[in-house]
Every structure is written in structure tokens, then in C-alpha cells.
2 protein chains.
Amino acid sequence: MYHAAMTTTETNIGQVARWFHALSDETRLRVVELLAGGERCVCELQEAVAAAQSRLSFHLRVLREAGLVVDRRQGRWNYYSLRPEVLEEMAAYLRERKPADGACAACGRGAGAQGECCD
Amino acid sequence: MYHAAMTTTETNIGQVARWFHALSDETRLRVVELLAGGERCVCELQEAVAAAQSRLSFHLRVLREAGLVVDRRQGRWNYYSLRPEVLEEMAAYLRERKPADGACAACGRGAGAQGECCD
DNA sequence: ATGATACATCAACGAACATTGATGTGTCAA
DNA sequence: TTGACACATCAATGTTCGTTGATGTATCAT
């Protein structure tokens, strides 16, 4: 269901797209912000985001299938929590693609680069 | 057209959703990966991602309106480049919401916390 | 056993999104 | 000044997404 985006040499662009898609909706972002404070059961989330039950369930599924959250069943309740490793992978993906501030626009080399820049 | 997501005290969740939406598509991710290597003109991108001209133009607009890229017109060519500050803001958003690895699931407190955790 | 609670899942629908082909606009070379 | 080039934009269409209301399932208290 969930696949890691990184192999030793390359990035699985499809999985990266799913990661970001999972965070492209305001309701899901609200859920993530709540889960940033720790594990929550569905009924807590439901009240906090004021969403109909099936609607919240849909969004939780999107987050789950993207690998951003996991659920843990306990009796009648289902507790969701964030997967910190995945948030970390996403952040790393962004920082790795970020040119150094002030880098040469054309070649992306750092601001300190001299001589061999943009030949 | 583009608004920063952060104010002094709170996060503009709508802008955050637009950021992530911009990266929720494989074609746009490919463009971002190319731009990570430095500024590119549209025709270079077009060849590299093998997309029809109007299709690429559409995706560039999404990226531009989300604030992830800027364009610079020069003669007949239009050069696009990433905005590193925004990629940095996105990465920061993720890391700020990431519970410490090994933190208490329920309360989100760090692994080192003792005694007062989960009372 | 019965009913209530806490969910997941499904089908149906509208809304948002992506793709395509056509047209428009500015720039440049001949 | 004509034509080619490098785009942006638009209208039409198909596809994916999100919402709603209904139904299903497991758990628990009575």
C-alpha cells in the first residue's frame, strides 16, 4: 500500500506526487496539524475539524495510503498518528532540490563559485 | 498572485495547500527537478519532459501561481527558475509538524521526556 | 440478545483538474 | 513586412477528486 520514494539511486516520482497530493487539501492539512500534537482517535479529529464522519474517513484514507499516517485499532477506537520518517523524507526532498540562496540562476552553482560559473 | 503562508503568528493553510498541490503532479515534479539544476527556458523544459506546449504552459502556470517558480522574459524566450525561499518554507512547515522520532505517540513529547509524559 | 458507539466502505453526484487542439501575441531574422 | 519561432491563453472534453447519504462491521455496555 505504501512504498518508500527513495531507492539507493533514484527517486520514485509517483510516490512523491502522492505524498504532496495528500497535503494538497485543507481538511487533510488540519488533520496533520492536529496529529502533530500526538496521536488522536477518529472521533477526536472529527470534532476538531467539524467534518462529517464519512468525509473524514475518506481523508484519513488518503493520508494513510500516501504513507503519511498510520492507524492503530484499540477496541472501538482507531488512533491515527503521523509517520515522522515520511515527513522528514518530504522535507529532505525539498531541501535537496532547493538551489542555494543567491546561486547563479542559470547553472544553479553556489554564490561563492567563481570562474567556472556559467561558461 | 502569490501570498506568503506564514504571518508572525499563524499559518495560511490555504496557501500551504496550494504549495503542496503544485507538487502533486508528476509532470510538475519533473519540471521542478530540472529547475533544481538552474534556470531553464520553456523550450528546454518542453523537450526534457516531452509535453505538448500548451500542456507544459499550463503546469508552469500552476507552479508560478503557487509561488514556487518565477519567470524572466528575455527576447523570445521565457526563463523559469525555482524560488528557494519557498521550498525552504515548505520544508520548514513539514519539519515543524514532525513529532520527534520515538516521541510518545499520544502526547507527542520527546523520547527523553520523563515523569510528566502522558499523565 | 439488543442496541449503541466508532468506525470503514460504497454509490452517486458535482466540482476541480489535466489534456488537447486552436488561436492570439510579441520577437526576431531575412 | 513577411514568416518563423517561442511562448500564453482559451474552449472543449475527459478524468480525477471531494462530498453526501446509506449501508456494513466490529466492539462494547446492558
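Predicted model: local features only at pLDDT ≥ 70, side-chain atom pairs only at ≥ 80, totals over all residues.

Residues are numbered from 1 along each chain as its sequence is written, chains are lettered from A and ligands numbered from 1 in the order in which they are written, and side-chain values use heavy atoms, with hydrogens and water left out.

First, chain A. There are five helices and three strands in chain A, and along the sequence they come in the order α-α-β-α-α-β-β-α. Helices here are DSSP runs of H or I with at least four residues, strands are runs of E with at least two, and both are numbered from the N terminus. Chain A has 119 residues, and 43% of them are buried. Buried means under 20% relative accessible area, exposed means over 50%, and partly exposed is in between, with a 1.4 Å probe and protein chains only. The accessible surface of chain A is about 6,200 Å², with 48% of that on carbon and sulfur atoms. Those areas come from the Shrake-Rupley method with a 1.4 Å probe, and for residues only the protein chains shown count as cover. On contacts, meaning heavy atoms within 4.5 Å: take those in chain A between residues at least 6 apart in sequence, and 47% of them join residues at least 24 apart.

Next, helix α1 of chain A, residues 13–22. Eight of its ten residues are buried, so the helix is mostly covered. Among the buried ones are Ile13(A), Val16(A), Trp19(A) and Phe20(A). What do the buried residues of α1(A) pack against? In chain A they pack against α2 (26–35), α4 and α5 (84–97), and in chain B against α1 (13–22) and α2 (26–35). At the start of α1(A), a side-chain oxygen of Asn12(A) comes within 3.0 Å of the backbone nitrogen of Gly14(A).

Now the core. The largest nonpolar core contains 62 residues, and Leu68(A) and Leu68(B) have the most contacts inside it. A nonpolar core is a set of buried Ala, Val, Leu, Ile, Met, Phe, Trp, Tyr and Cys residues joined through side-chain atoms within 4.5 Å. Setting aside neighbours within four places in sequence, the contacts of Leu68(B) include Trp19(B), Leu63(B), Leu82(B), Val86(B) and Met90(B).

Gln15(B) sits in helix α1 of chain B and counts as buried because its relative accessibility is 3%. Its side chain reaches the backbone oxygen of Ala66(B) at 3.1 Å. Arg97(B) belongs to helix α5 (residues 84–97) of chain B, and at 12% relative accessibility Arg97(B) also counts as buried. Beyond neighbours within four places in sequence, Arg97(B) is in contact with Glu33(A), Ala36(A), Leu82(A), Leu87(A) and Thr11(B). The side chains of Arg97(B) and Glu33(A) make a polar contact at 3.2 Å. A polar contact is a pair of N or O atoms within 3.5 Å; within protein, one must be able to donate a hydrogen and the other to accept it, and residues adjacent in sequence count only if both atoms are side-chain atoms.

Now DNA strand C. Which residues come nearest to DNA strand C? Of the 19 around it, they are Val42(A), Cys43(A), Gln53(A), Ser57(A) and His59(B). Of the atoms of DNA strand C within 4 Å of the protein, 67% belong to sugar and phosphate. A residue is near a strand if one of its heavy atoms lies within 4 Å of it. Phosphate oxygens of DNA strand C lie 2.6 Å from a side-chain N or O atom of Ser57(A), 2.9 Å from a polar backbone atom of Asn78(A) and 2.4 Å from a polar side-chain atom of His59(B). Elements giving two or more residues to this surface are α3 (42–49), α4 and β3 (77–82) of chain A, together with α4 of chain B.

Last, DNA strand D. Of the 20 residues around DNA strand D, the nearest are Arg55(A), His59(A), Val42(B), Cys43(B) and Ser57(B). Sugar or phosphate supplies 65% of the atoms of DNA strand D within 4 Å of the protein, and bases supply the rest. A phosphate oxygen of DNA strand D is 2.3 Å from a side-chain N or O atom of His59(A), and for Arg28(A) the corresponding distance is 2.9 Å. A polar backbone atom of Arg76(B) is 3.2 Å from a sugar or linking oxygen of DNA strand D.

That is the end of the slides.
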